[in-house]
Amino acid sequence: AAAAAAAAPSSRKVFEIFVSRVPWTLASKEIKEYFGQFGAVKKCLLPFDKENGFHKGFCWVAFSTEEGLQNVLQKEVHLIEGSKLQVQRNRKLFQGQRANRITESAH
């Protein structure tokens, strides 16, 4: 059923953000809860380092709607547990980490 849903025309639009400077104390559950205040969060991908068991300090968050994405991008400062997150729009899909260089300069 999940594959069928992913094939829906609306899924061609990607409402994702790339979040860096994520504190070690946060898990994807907390990240989802935080970003849930801006709109429905479809998924949160927080890559872990197999060597040390900690996450790598960055993640991707996908919203169900463009509204959620816009709400996040309009807020200047994102603070969780006293840590300031760096949030930017993700123009590539989750797999496109290396092609992400362009988005860093485009604010």
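View A. K29 and E33 are both exposed, where exposed means over 50% relative accessible area, buried under 20% and partly exposed in between (1.4 Å probe, protein chains only). The two residues form a salt bridge, with the closest N and O atoms 3.3 Å apart. The term requires a side-chain nitrogen of Lys or Arg within 4 Å of a carboxyl oxygen of Asp or Glu. The structure holds one salt bridge. Because K29 and E33 are four residues apart in helix 2, about one helical turn separates them. The model is predicted: local features need pLDDT of at least 70 and side-chain atom pairs count only at pLDDT 80 or more, while totals for chains, interfaces and linings use all residues. Residues are numbered from 1 along each chain as its sequence is written, and side-chain values use heavy atoms, with hydrogens and water left out.

**View B. The whole chain.** The chain has four helices and five strands, in the order α-β-α-β-β-α-β-β-α from the N terminus. Helices (H or I, at least four residues) and strands (E, at least two) are DSSP runs, numbered from the N terminus. Of the 107 residues in the chain, 36% are buried. Among contacts (heavy atoms within 4.5 Å) between residues at least 6 apart in sequence, 61% join residues at least 24 apart.

**View C. The largest nonpolar core.** This core has 19 residues, of which I17, V19, I31, F35, V61 and F63 touch the most other members. Two or more residues each come from strand 1 (16-20), helix 2 (28-35), strand 2 (41-45), strand 3 (58-63) and helix 3 (66-74). A nonpolar core is a set of buried Ala, Val, Leu, Ile, Met, Phe, Trp, Tyr and Cys residues joined through side-chain atoms within 4.5 Å. Leaving aside residues up to four places away in sequence, I31 touches V22, L26, C44, L46, C59 and V61.

**View D. Strand 3 and its partners.** Six of the six residues of strand 3 are buried, so the strand is largely enclosed by the rest of the structure. F58, W60 and A62 point one way from the strand, and C59, V61 and F63 point the other way. Strand 1 runs antiparallel to strand 3 and is joined to it by five bridges; strand 2 also pairs with strand 3 in the antiparallel sense, over four bridges. Two strands pair if DSSP finds at least two bridges between them. A62 in strand 3 is the bridge partner of E16, and K43 stands opposite A62.

**View E. Aromatic pairs.** The structure holds seven aromatic pairs. Rings of Phe, Tyr and Trp (its six-membered ring) pair if their centres lie within 6.5 Å; planes under 30 degrees apart count as stacked, over 60 as edge-to-face and the rest as tilted. The F35 and F38 rings have centres 6.2 Å apart and planes at 40°, so this pair is tilted. F35 is buried at 0% relative accessibility, and F38 is buried with a relative accessible area of 11%. The F58 and W60 rings have centres 5.6 Å apart and planes at 90°, so that pair is edge-to-face. F58 and W60 are buried, and together with F18 they form one aromatic cluster.
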